[in-house]
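Colleague: Can you walk me through this one? I'd like to start with the strands.

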Amino acid sequence: MRLLIDGAMVWDGTGAPPFPGKVLIEDERIAAVAPRDENVASNGAERIDAAGKFLMPGMVEGHAHLSFVDTPRGTALGELPPEDHALLTMDAARKLLSAGFTSACSAAAAKIRLDVAVRDAIDRGMTEGPRLLAASPELTVTGGLGDGRKLHLHQDSFGVAVDGPDEVRRMARLCLREGVDMIKLNISGELGTDSAPAVAAVMTDAEVAAGVEAAHTAGRRAAAHARASDSVKRALRHGVDVIYHCDYADAEALDLLEAAKDRVFTGPAIGLTISRLESLRGDNTAEGRRYLERLMPQFETTCRTHNEMRKRGIRIVIGGDYGFSINPQGTNARDLHHFVTHFGFSPSEVLQAATRTGGEIMQRGHELGLIKQGYLADLLLVDGDPLKDVRLLQDRKRFTWIMKGGVRYQPCEGAPHVRRLNDQVAAA
Ligand SMILES: [Zn+2]
């Protein structure tokens, strides 16, 4: 299969300005990139007239929870039978692809095998979805974020409660045996989880060390939910690879993050926070007002921290805990505008976070996230210029097509799914 995309403004993901160009696709990869007036040996290629359109790399969701299926509460995920839950997760994968995301790095699954099964189904071409790195459920301490149990009532949620290094190690090994790419550790708590607040590092050094060691021994990675400053430092001390949130990182934690910036990735997962702030502003109950009063200062801290992290060149990915009823799957591109509005990113900088840095967090920076010869042909052909306004990427109708591995998909009208425009089977 040879395809010549001719005449689009090509934005390659490096931060260089876009130029009118030609991109030649051969099977699943980019064979050539050239300015429009240069010759490209495109004999026999099908030509696509893309004049007036904007061509960019496919976006990468850096904090995906495909098995969070738009329920209002975490414990509602625990109530879902695994069979139904797998199908709903598959559906979320289609939604994410139709929203312009050709890759996703999972930040936790709600059950051990959900990400694994859906990742494999996508790779085998059984269903449409982004390239997916599968995560474990959130390994959390008793009373931590994701422990939905009550003393009188067993209630599953999205976490698995483990206490002490032996339990963490055993559960991490079990998840690794079942095929996850990443172990998720909830080192800090969360606002609203009273026994484990966001400002507390509730998972101990020994527990974190055991989880990371298990992941690394198996050649996989570890990620952390880490809002508290001490939890960021603990994650860094034990070699966690992806450190999410980092809201309360103090000067020392920021220095340590900066020193490790070639090794670690971070991501604020701001989408859920902003959607919650928006919904709380319309909530006049005493409980709603109390929650807003607590969430607002945390949000302001998050903004300060991420402006500082951006200035220090720490790698930050987009992706914001999409998958709850207030911020449903498929609305993930809202994050782009949040980064511009609240963290001081320019449109080009946030689009680089969504593409080049995304390719790196997928551990495929050598072949994913840029429009470059030899790279995988994961592309978006967009009607409009996102460098002028990133919000237009929230509108699926703006995608003439979404290409993953040389296969073109068109967002369906009326449903957040895609249909294939050509039949080549995408390789993983
Ligand atoms: Zn998350």
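Modeller: Five bridges join S11 to strand S12 (residues 221–226), and the two run parallel. Two strands pair if DSSP finds at least two bridges between them. Strands (E, at least two residues) and helices (H or I, at least four) are DSSP runs, numbered from the N terminus.

Colleague: Before we go on, what kind of model is this?

Modeller: This is a predicted model: local features need pLDDT of at least 70, side-chain atom pairs count only at pLDDT 80 or more, and totals for chains, interfaces and linings use all residues. Residues are numbered from 1 along each chain as its sequence is written, and side-chain values use heavy atoms, with hydrogens and water left out.

Colleague: Fine. Which residue in S12 stands opposite Lys-184?

Modeller: Ala-223.

Colleague: And what do S11, H5 and S12 make together?

Modeller: With helix H5 (residues 205–217), the strands S11 and S12 make a right-handed β-α-β unit. Right-handed means that, with the strands pointing away from the viewer, the path from the first strand over the helix to the second runs clockwise.

Colleague: Which residue stands opposite Leu-185 of S11?

Modeller: Leu-139. Strand S9 (residues 135–140) is joined to S11 by three bridges, and these strands run parallel too.

Colleague: How many residues of S11 are buried?

Modeller: Five of the five residues in S11 (residues 182–186) are buried, which is to say under 20% relative accessible area; exposed is over 50% and partly exposed in between, with a 1.4 Å probe and protein chains only. Met-182, Lys-184 and Asn-186 lie on one side, Ile-183 and Leu-185 on the other, and both faces are covered.

Colleague: Other topic. What is the strand order in the open sheet of three strands?

Modeller: The order is S6-S7-S8, with parallel pairing. Strand S6 (59–64) and strand S8 (131–133) are the edge strands, each pairing on one side only. Neighbouring strands of this sheet are turned by 15° against each other on average, direction ignored; axes are lines fitted to C-alpha atoms, for helices over the stretch in contact, and angles run from 0 to 180 degrees between N-to-C directions.

Colleague: How many bridges join S6 to S7?

Modeller: Four. S7 (residues 101–106) pairs with S8 over three bridges. Ser-103 is the bridge partner in S7 of Val-60, and Ser-103 also stands opposite Arg-131 in S8.

Colleague: Is S6 mostly covered or mostly open?

Modeller: Mostly covered: six of its six residues are buried.

Colleague: Now the loops. What is phi of Ala-108?

Modeller: Near 140°, a positive value in a residue other than glycine. Most residues other than glycine have a negative phi. Ala-108 is in the loop between S7 and helix H3 (114–123) and is buried, with a relative accessible area of 0%. Asp-27 has a positive phi as well, near 55°. Asp-27 lies in the loop between strand S2 (19–26) and strand S3 (29–35) and counts as partly exposed at 39% relative accessibility.

Colleague: Last one. At what angle do the axes of H6 and H7 cross?

Modeller: The axes of H6 (residues 229–237) and H7 (residues 251–259) cross at roughly 30° and come within 9 Å. That makes H6 roughly parallel to H7; angles under 35 degrees count as roughly parallel, over 145 as roughly antiparallel, 65 to 115 as roughly perpendicular and the rest as oblique.

Colleague: Which residues of H6 meet H7?

Modeller: Ser-229, Val-232, Lys-233 and Leu-236 in H6 meet Glu-252, Ala-253, Leu-256 and Leu-257 in H7, where contact means heavy atoms within 4.5 Å.
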